[in-house]
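Subject: Structure for you to look at

Hi,

Here is the structure I promised to pass on. Please open it and keep it beside this email while you read.

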Amino acid sequence: MTYASETLPCSSAPGYDRRMTDKPKLHVIDGSATDDDNRQKARKLMQKRPQAACLLRCFRCSGSEVIETKVGMVFKGGKASGGTKQILCATCFMKGERVVLA
Ligand SMILES: [Zn+2]
């Protein structure tokens, strides 16, 4: 029964002990990875979703009383309009400090 070893394909095939003379080929895959894709989807969802409501508190004195101010209003036709709205902490403002909350 010597003919079996001659016809076996693995007998002539290179084994694992063969030296790696050929460099392993690097394949460039088109498109992005699925993990990156999922992250982008999550980011889009977060942008669509409105931010959760929370009580506006001063980060300095933790007070919740605020003053709404406007900078750069235009007085026109007996009415003041426009300007940039800012919300300041009332408690800090009384102490002479201007803490902008929003
Ligand atoms: Zn404050």
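Below is what was found in it, from the overall layout down to single residues.

First, two ground rules. Residues are numbered from 1 along each chain, as its sequence is written. The model is predicted, so local features need pLDDT of at least 70 and side-chain atom pairs count only at pLDDT 80 or more, while totals for chains, interfaces and linings use all residues.

**Layout**

The protein has four helices and four strands. Both are DSSP runs, numbered from the N terminus: helices are H or I with at least four residues, strands are E with at least two. The order from the N terminus is α-α-α-β-β-β-β-α.

**Confidence**

pLDDT is the predictor's confidence in each residue, from 0 to 100. The protein averages 80, and 75% of the residues score at least 70. Which elements mark the two ends of the range in mean pLDDT? Helix α2 (residues 9-12) has the lowest, 51, and helix α4 (residues 90-94) the highest, 96. Where pLDDT is low, the predicted coordinates should not be read in detail.

**Burial and contacts**

A residue is buried if 20 or more other C-beta atoms lie within 10 Å of its own, exposed if 12 or fewer, and partly exposed in between; C-beta atoms are placed from the backbone. Of the 102 residues in the protein, 4% are buried. Two residues are in contact if their C-beta atoms, placed from the backbone, lie within 7 Å. Take the contacts between residues at least 6 apart in sequence: 37% of them join residues at least 24 apart.

**The loop between α3 and β1**

Ser 62 lies in this loop, between α3 (34-48) and β1 (66-71). Ser 62 is not a glycine, yet its phi is positive, about 60°. Most residues other than glycine have a negative phi. Ser 62 is exposed, because it has 9 other C-beta atoms within 10 Å.

Phe 59 sits in the loop between α3 and β1 too. Its C-alpha is 9.2 Å from that of Cys 89, 30 residues apart in sequence.

**Helix α4**

Phe 93 lies in helix α4. It counts as partly exposed, because it has 16 C-beta neighbours inside 10 Å. Leaving aside neighbours within four places in sequence, Phe 93 is in contact with Ile 67, Leu 88 and Arg 98.
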